[in-house]
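Hello,

Here is the structure I promised to hand over. Please have a look at it first, and then read on for what was found in it.

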Amino acid sequence: MEPFKEHKGIAAPLNRGNVDTDQIIPKQFLKRIERTGFGEFLFFHWRFDDDGKLREDFVLNQPKYENATILLAGDNFGCGSSREHAPWALEDYGFKVIIAPDFADIFYNNSLKNGILVIKMNEEQVRQWMKKAEQGLTLDVDLEKQEITDADGTVVSFDIPPYHKEKLLNGWDDIALTLLEEDAIQAFEEKRA
Amino acid sequence: MEKALTAFEKIWNKHVVKEEEGKPALLYIDQHLVHEVTSPQAFEGLRLNGRKVRRPDLTFATMDHNVPTINRENMKDEISIKQMEALKKNCADFGVKLADMYHPDQGIVHIIGPQLGLTQPGKTIVCGDSHTSTHGAFGAFAFGIGTSEVEHVLATQTIWQDKPKTLNVQVVGELGVGVTAKDLILAIIAKFGVRFGTGYVMEYTGEAIRNLTMEERMTICNMSIEAGARAGLISPDETTVEFLRGREMVPEGEAFEALAEDWLALATDEGAEYDHTVTIHADEIEPQVTWGTNPGMGVPVSASTPTIADAEYPDEVKRALEYMDLEENQPITSIHVDHVFIGSCTNSRLSDLKKASKIVEGKKVKEGIKAIVVPGSFLVKQQAEEIGLDKIFIEAGFEWRNSGCSMCLGMNDDIVPAGGRCASTSNRNFEGRQGNGARTHLVSPEMAAAAAIEGHFVDVRQFVGVPS
């Protein structure tokens, strides 16, 4: 996993609550056996109509968000299925940071494991940024300092569990870390046998 | 005297490999269930890093999401075939036991775990599937994980977990006649919302829960994830023990009795404290029907769709009604369906099929409705056929299929077409879940069966043939 330290990018507002992983990546695209290449299917039925044409009214299809790398989302983002294809698709599409009032549990974990910084932020602040993002908003997200700086210089701090922060900053691989605990795992197994 | 503990806390304490202040705990996993959709990248990760499966003996795989429910021998979908071939190869390479689509143990992963007795009280159980919460019905700590975590569990047999908080969902009183476990869980989610369980293990308690069969308890715990919960759980009791007695993967004789004693001791202690408690009155619950695009958008069958202006989030309600092609204040019983699906890890067990068959026996599916029954496992199908359920369904005009996830998520050919409307016994009514542009109404098997006969939703309690 690539280390995550700081990221500056354009924010796109997806102003909907309870966006489920079936919307983020529909089931017909879950059959691939690779981890890559899911970006083109992100929000597939919201981005494209039944004839495969772009739906112009969908936020990510608007030219000003073409290069967006930060997603401003509604409450309970990523609910439903445990499919990790959802963060794979978001990452592959280009998103590095997702900011929402709250995330579904499994999605939150899955995102962190793929180096996406998921930030829980109070609803009012998210709404403010969504409104600003309609006119164009660039945010500078500093994980080290746990601060987000908006274009006019306003600084907002955010929380993240220290353990997740450390892993993101270093780009650590979970399994390699756990394998360092081999003695403890073995001792546990022996104790129970 | 020792501190009174919840069942969840007891299970948690028995599985901590390592714990440090301010960090997640390293938790040992007793049972890992694997299916074809969320595992290929995990096995590939092991290969790339030269790692092996640490405990193949604690890992069990099946094929369920992609498998066709008809013409299994004549599959056309090349990508599905590739995904299933990948699972076959991965299981062979890494020594994992696999029930492939021709195996007598094949079925939806959450049906076969309990059926084989792999699911047991006190176990930690994971699977790359959010409906792993089903297994909590046995008093296990069971939860869905992503593919990175699947790889982690394969490699280490452990997982890092923040300790969830505990939520007591207290069900007061008794369910009325004709009101099912499915109605209870739909009513709970409608009342408290699709995120009230986030960060919690939800334990269902109360007389109404104690009186449920294991299959009904599985329906309840299955949908805990639809409330956002990390897991659902019901304390083990004699019902749990008797369900597991004689199953393939549990010991026999004295060894079983000793185990059963340990299981019963896992039940939540009198006086144990939860972080939060909510209460619902079972006797006030009617058969439920969802009208919208998340499982919390449900109402009693006697009610109508909501009024947009009165809703807490009017935009969401408006959008959902538009997608569902429904009016506000529209009576639920006026909604006509063209598809009926009886199946899924929520409602495809033998008792579900029996109850639905009682409704349709001697009647005919309304003309123009495509109705299918998809048993949850090969064994459920076989047992249903032994008592003639297949004939009842077929004579009524249902299609009788082979087991799999099927129309719950339409990864195989079992899809509701765009604009189609389905009465479904599954667990999710998300946009496009059963097919792009398809509209899903979640109901119990009895309610789905009655809708198939009448062509629209009816209160199954007034329906001729309702089992009393």
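A word on pairing before we start: two strands are said to pair if DSSP finds at least two bridges between them. Please also keep in mind that this is a predicted model.

**Chain A**

Strand 1 of chain A pairs in the antiparallel sense with strand 5 of chain A (residues 138–142), over five bridges. One of the places to look is A:His7, whose bridge partner in strand 5 of chain A is A:Val141. Strand 1 of chain A also pairs with strand 2 of chain A (residues 68–73), here in the parallel sense and over five bridges. There, A:Leu14 stands opposite A:Ala73 of strand 2 of chain A.

For residues 1–123 of chain A, an unreviewed UniProt entry lists "domain: Aconitase A/isopropylmalate dehydratase small subunit swivel". In the model this span is 21% helix and 19% strand, and its end C-alpha atoms lie 30 Å apart.

**Where the chains touch**

**A four-stranded sheet in chain B**

Turning to chain B, you will find an open sheet of four strands in the order 11-10-9-12, with parallel pairing. Which strands stand at its edges? They are strand 11 (231–233) and strand 12 (276–281) of chain B; each has a single partner strand, so one side of each is left without a neighbour in the sheet. From one strand to the next, the twist averages 20°.

Within this sheet, strand 10 of chain B (residues 200–205) and strand 11 of chain B pair in the parallel sense over three bridges. B:Met202 has B:Gly232 of strand 11 of chain B as its bridge partner. Two helices to look for here are helix 1 and helix 6 of chain B. Helix 1 of chain B (residues 7–15) packs on the sheet and touches strand 9 (165–172), strand 10 and strand 11 of chain B; the direction of this helix makes about 135° with that of strand 10 of chain B. Helix 6 of chain B (residues 181–192) packs on the sheet too, touching strand 9 and strand 12 of chain B, and its direction makes about 120° with that of strand 12 of chain B.

Helix 6 of chain B has a helix partner as well: its axis and that of helix 8 of chain B (residues 214–222) come within 9 Å and cross at roughly 20°. Angles under 35 degrees count as roughly parallel, which makes helix 6 of chain B roughly parallel to helix 8 of chain B. The crossing is right-handed. Helix 6 of chain B contributes B:Ala181, B:Lys182, B:Leu184 and B:Ile185 to the contact, and helix 8 of chain B contributes B:Glu216, B:Thr219 and B:Ile220. These residues divide into four nonpolar, one polar and two charged.

Strand 16 of chain B (residues 370–373) pairs with strand 17 of chain B in the parallel sense over two bridges, and B:Val373 stands opposite B:Trp400 of strand 17 of chain B.

Which residues does UniProt list as "binding site"? The unreviewed entry gives B:Cys345, B:Cys405 and B:Cys408. They are spread over 64 residues of sequence but cluster in space, with a largest C-alpha distance of 8.7 Å. B:Cys405 is found in the loop between strand 17 (399–400) and strand 18 (421–424) of chain B.

Enjoy exploring the model!

Best wishes

Conventions
Residues numbered from 1 in each chain as written. Chains lettered and ligands numbered in written order. Predicted model: local features only at pLDDT ≥ 70, side-chain atom pairs only at ≥ 80, totals over all residues. Axes fitted to C-alpha atoms, helices over the stretch in contact; angles between N-to-C directions. Contact = placed C-beta atoms within 7 Å. UniProt positions renumbered as here; feature names shortened; annotations may be inferred. Parallel < 35°, antiparallel > 145°, perpendicular 65-115°, else oblique. Left-handed = near helix turned anticlockwise from the far one by under 90°. Nonpolar A, V, L, I, M, F, W, Y, C, P; charged D, E, K, R; others polar.
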